[in-house]
Structure formats: C-alpha cells, structure tokens
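Hello,

Here is the structure we spoke about. Please look it over; my notes follow below.

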Amino acid sequence: MDGTYQMLHDIIDFHNDRMRNLRRYYPFFCLQNTAFHLFKEGKYSFLDMGYITLAVLRFFIEENQFNDRAVQYPEIASFISGVLIRDFSLVLQSEEEKELVDYIFDKLKNDGKPFVMEYFDPVKKAKASVRMKLIDATLSGNTVLYTVTADAIEFYLDTKEIRDESKINIQQILLEKMIHTKNFKGGIDVIRRINSEVNRLRLQKREVLALLGSNVFDGVKALEEFNQTGMRWFSEEQKLFSHNMELMERARAKAEETAEGAKDMESLRGIYQLETELKKAMANHGELLSDCMDLQVRADEMIHKYKYSRLRGAFDFRAFVAAAEEAQDVTLLSHLVEPLLFPKLQKQFSLLQTDELLSLPAEAGETAEVLGEAKEEMYRFEDEIEEERISGNYGAIVRTLFEELTASEQVPLSTLNRKLELKFFDGIFKNSDYYSFLVHICQKKDYDLEQIRKKQDTFFEGILAEMLKEPAMQKYAGLKFRLIMKPEAEELVHQIAGLERDAIFVTTEIVFERLKEEKAG
Amino acid sequence: MEQKSLEKATELLAALLIGEPVEAKGGKNAGLYEAYHESGEVNDALDLMLKKLNLRVYEYNYALYIAVGEKNRVFGYSNEDLKRMMGLRLNKELYLCYYLIYQAAALFYQDSATYNFREYIKLEDLLEATNHGLAGMVSELHRFENETPEETSFKALAISWDELPVIANEDTQGVRAGRGSRSGFVKLVFNFMVSQGLFTEVGERYYPTGRMHALIRRYFEEEKGRLYELQQRSSKGGEDGAAY
C-alpha cells in the first residue's frame, strides 16, 4: 500500500517539477522542427536551426558571461551571417541576407514572446503551462541590448558540460548551502539525490563489466568514459562528504547547546535525521568506491586475458567477428556457422514455391521470338568431308610410298605393307581407303609427278597434284615411278585378328619401281 | 586394399552421413568405430572418400562426427535452404540467426581452445549476450542517424535487433519461436541448433553436445589458417579488395 502511495505521490505531486525541468529543452525542439518551413516557401529548409540556436547561445554566453557585456543587434547579425557563410556556405545578396538573419533572430527570441509549453497539471486537474525565454532584451537609451537568460545558459550547459562534471559534487555544494541555511529537510532531499546518483554509477559499473566480457574494445571505451565522468571525482567527493559531516556535527553541537522549546527540538530532530542519512550516503559512496576498484582490477584481468588469448595458436571467434564488424560484412559469419551443420541430404521442394507458381502472372499476349543477328556460316557437304578424309589418308600412304621409293629403287607391295603396319598398326588394313588407294593407283602404270602437276588424268592424280603443292612434298617433285604387276608371284594375305575369314586382305604382288630421271628425259 | 575394409569404410561413411551416432560406448555403430580405430585400411579408405567428397570427420570423446568442408556444392547449404529450414523470409533475418548462433558458441568458447566451463545456457543468456554484443553498434545508431545501411552490414543487423520487441505478446505463456521478437528469434535459433545436433534441451536449459565440442575444437583448429586469411582480407577489404 505504502509503495503504491509513494508511486502515486511521485507521479502526481512531482509532475509540475518535472515539467519545469523539461521546459528548458522545449524551445530548442520547437526551433529545430519548424523554423524554416514557412519562410520563403521552405527555400532555406536545409539550414539547421538547432545548430544555429546552439551557436548563438554560445556566442551570448561568451559576450554576456565571460566579457560581461550586453550585445547589440548588429553584432548578433554579423555573427549569424558568419555562421551561414562558414558552416552552410550560404552567400547571399546583402538585402536577402539581412532578411534571413532578421528572420532567424526573430525566431530565436520568438518575436520577444516566451516559448510556452502547455501540459496537464494533475494536481489542479487542469491545463497548465510553463514558459521559457532564450534571449532577453533591455532598452538602454535608444539601443536595445540583448542578454541570454539563466534558463538558456542552464540548457546549454546541460547538453554537454554538466555531464562531464560529477553530479555528486554539485549536490554536495548544495547540501553545504542547505546546512548553512539550516534547511535540514531540503538537505535530506539532496542526500536522496546523491544516493540515486551513487546507485546509477553502480549500475553503470555493472554494464561496463558486462560489455568488457562481450567485446573488449567497446568495453575499454566504456570504461574510459566511466572513469572520466564517474571515478575521477572520487577524492573530491570524499573530501566534501567529510566536510559536510563536520558541518553537521558543528550544527548539531550548536543546536544541542541552545536547544529550547519545541521549535528547536524539531530542528534538532531534522539534524539527526540528516546526519543519519548522510552517514548512509557515505557508506553507500564507500561501497561504490570499492566497487570501482574491483571494476578496475577485473577490467585489467579481462584485458590481460584477451591479449594472452590473441597470442595463442587457437582460432579466436571474437577476433574473427570483430574483423567482420569492422568490414561491415555479416556474410562472413557463415564461415562460422555452416561448418556446424549436418551435411545436407534431403533435396526438398519448398512449399513456398507453390505460392510463387500460383502468383506467377500470366502474360497478356504472345511475344514474338526474338531473332538475334545471324552469322553466315560456311556449310560443308557430306561428300566434301569424305573427300577430305580420303585425301588425308591417301596422303599418309603416298608419303610412305615416296619415302620408300627415294630410299630404294624397287619397293614391293609386301615391303610397303610392313612399313605401313609399323607406322599405322594393322588397323590400316581395316581401312577401306587403303583398298581404294590400291585400286586408284593401279589405274595407270606410269606416274610422272612433274607431268601430274601440270595435267591430271585421274581422280587419284588430282589428289597427288594437290599434295605436291605442300612445301614438304617439294622434294618429290621430280619423282617418276611405274607399277609392275606380278601375277605369278604369291598372293599377299594379311591375317588380321578380329576379322571374319572371308574378309581376309588378299592382293597380288605389285612392285613400285623408281625410274631414273635421264631415262625419262 | 581388401574388399572387406572398403565395405566397412563405406558403411561408416553412410552411418555418418545419415547422422547416426558412431561411438565407442555403444549403439549399433560401436563396431564401426572400432574398425576405424583398429584398421589402418578402413581409416585410409574413409579418409580418401571424405576427402573426395569435401567432408571432414572429427574424433572427440570416443565418438566420430562429420562436418562439411568449405563451399561444398552437394552437402552444403544455400541461403535459400537455410531460410527454408528455419522458416525465415529475408536474408537479414538469416544473418541475425548467424549472429545468434555465433553468440551461443561464444558463450562456451572464446576461442577454439578455451572452454568457459559452463554447463548449459538458457534463453535469457543468449538474449543478453546478443544485447551486449550489439550494444556498441546500437548506441552508435542512436547517436548518428545515417542513410539506410546495406543489407549485409552489421549496422543493418543492429537495426533489425534494435527494432524488435523483447517479446511479441505478453499474454502468452512461455516463449514461442518466431520472427516477431527477440526472444522468438532466440527460441527459433535454439530449435534449429537442437535439430542440428549442437545442443540438447532439458527443461529450457540447453546443453552443448559432443558434436558441438568436436566441431568447435577440431574444425576451427584445423581451418584457422584459412579463416585467419579471410579475416585479414576482410580487415583490409575496404582498401583493395584482396590482401595478397
């Protein structure tokens, strides 16, 4: 029951406070969103009003706070046009530029009106509003002087600077002030805030540790940030804690001395309460300190372990994935996953594909076959191929014959057969071209290659003439020979394995005789 | 080589291929395990066949396990195959599953030689590990909102993860596998890994199997040279596309 009550109290009673804090951010987002859409039909909507706002605020802080002087419009205008030129490369005609700068500055000061944020107030159950101005103006003589508002400074610092400082420190200083002004109740609130900050830091520490466990590089980065924002304030915080404790003790001693009446008793009770809370907070803070020491030790261990594992000969999964992350290529992960799977055995047909079949759109009409550009080809007839083959085979046999004839004057067919068998194995005798060769060559008794070159009587001579054109055959150019049939001689019979009996190769002996050139001449 | 040895080796290959356990401690294939161990001929014959088929066999804790070699056109899977098996539709979902499988393995093994002495993992463990693994990239996404990243980039992976709710429907009891939530995806991946013999489930706790240990220790140990080269190439990839 208590918990629910506390929660409702937090929701309802503190809502106004929260909205008041939120109001600081409101103008920024208003400006960021709407500033340039309506101006000159959105011609300058590429300009970033958020950036310009922050730049102008920083300019104001520089002039108002650091140089301690108010700013006049011409200075602001020249600063804004400087931003436009430097950061947005926007160079305009002087008149148009003036118009734009005026517009920007009007927007920033919201035409002099505060930015109003409306919200629902749950306490009064009615609409409420909070207001906020970025820039204030005062009149001095005839000139208007501009200054930045305190809220705007707070907003600006909140975007970065405060984050780097220790919130605990700020709260401590506040606490000191509260003790001085004897606002002990407010002090308890401050301590509560300190405690919540301590808890936040402890949570952050746990996150850093988890990150270190999964990715050392990210973890180290987070650790550095944690050290920057959290841990570096420790000694100062400790000092302030003890200082506040001292103050408390003094306040208590003084109160105890002079305590009279109910009012004093109440403030004494306040002091006691505050003291207890402060003690608790100090204990909490001490624990956080030891936690952080522990974090440092464990982080060192993890980094050491990581370094060590990188030096070992094992395959490092994390390093592999880190490299893939760096290359922004998730497909590399498949190299880690696919080896773990069973061999693919089932060849499946996906049911999803039936969907595709059904949803495949039918074509509206028939499309004509597209004919590519055709190339004319040389067509070779069957008999041409045959002829080519025959002349190739004849060439081989004739070359052998001519070789033999140049070596010896008389070459019997039996010798030629042996030579052919040596060259082409006995398969030559199964070749019908061999027989047709014999038939063709026997058509004439005398051959004079010189004459054949000029005039061919038979088909065979035609082939010979073609052959003689080859450079390798030039050496036979003057060859003459004749054929002597020897019917009385024994028949040549070739027993060829695998052939049927009646297919035995039988020829009568022929003697090729080389004729001497002078005789021919 | 004796016909008998060849026969045994073929029998062994068949048993491994269809996913039957081949262990020394028992089962119908204990004899085959023994033959592989005792007979050099069986061993050689199996090795030869595996090599020609681009398959590997690994021994771990008195059992044999088969794995598919790199770019195996017959026994390997295409993206389409895997999507079909897991019931996914998009490639980026498949990549997310790859990442989850990697995280599951990394919970047990930081590298191929360091076992984390963890007995089992639960669904939440993998969910948390993935959250942590992608935390850096997700926070970067919140800081810089850039143009749409490529489908195969880790940024796209981080976006997919970041945009998923932790659970799809708070009313239903327990987590169901599905593509609509982080826990659904984790469950889906666990189911797949169980079907692939990498984990066994006992009451929502997932224990790694001998097959998982064998493959991680042996396969990656053996292939580390090639993978390291790939890793080097990918880190230099942006500059020239090839390291060597």
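Axes here are lines fitted to C-alpha atoms, for helices over the stretch in contact, and angles run from 0 to 180 degrees between N-to-C directions. This is a predicted model, in which local features need pLDDT of at least 70, side-chain atom pairs count only at pLDDT 80 or more, and totals for chains, interfaces and linings use all residues. Residues are numbered from 1 along each chain as its sequence is written, with chains lettered from A and ligands numbered from 1 in the order in which they are written.

Helix H8 (residues 182–195) of chain B lies across E7 and E8 of chain B, at about 115° to E7(B). Helices (H or I, at least four residues) and strands (E, at least two) are DSSP runs numbered from the N terminus; residues are in contact if their C-beta atoms, placed from the backbone, lie within 7 Å.

The sheet in chain B is open, with three strands in the antiparallel order E6-E8-E7. Its edges are E6 (121–122) and E7 (199–202) of chain B, each pairing on one side only. Pairing requires at least two DSSP bridges between strands. E6(B) and E8(B) (residues 205–208) have two antiparallel bridges, and B:Ile121 stands opposite B:Tyr206.

In H5(B), 13 of the 18 residues are buried (20 or more other C-beta atoms within 10 Å of their own, C-beta atoms being placed from the backbone), so the rest of the structure largely encloses this helix.

The contact between the chains takes 40 residues from chain A and 50 residues from chain B. On the chain A side, H14(A) gives the largest share, nine residues.

Regards

How values were computed: A residue is buried if 20 or more other C-beta atoms lie within 10 Å of its own, exposed if 12 or fewer, and partly exposed in between; C-beta atoms are placed from the backbone. Two residues are in contact if their C-beta atoms, placed from the backbone, lie within 7 Å.
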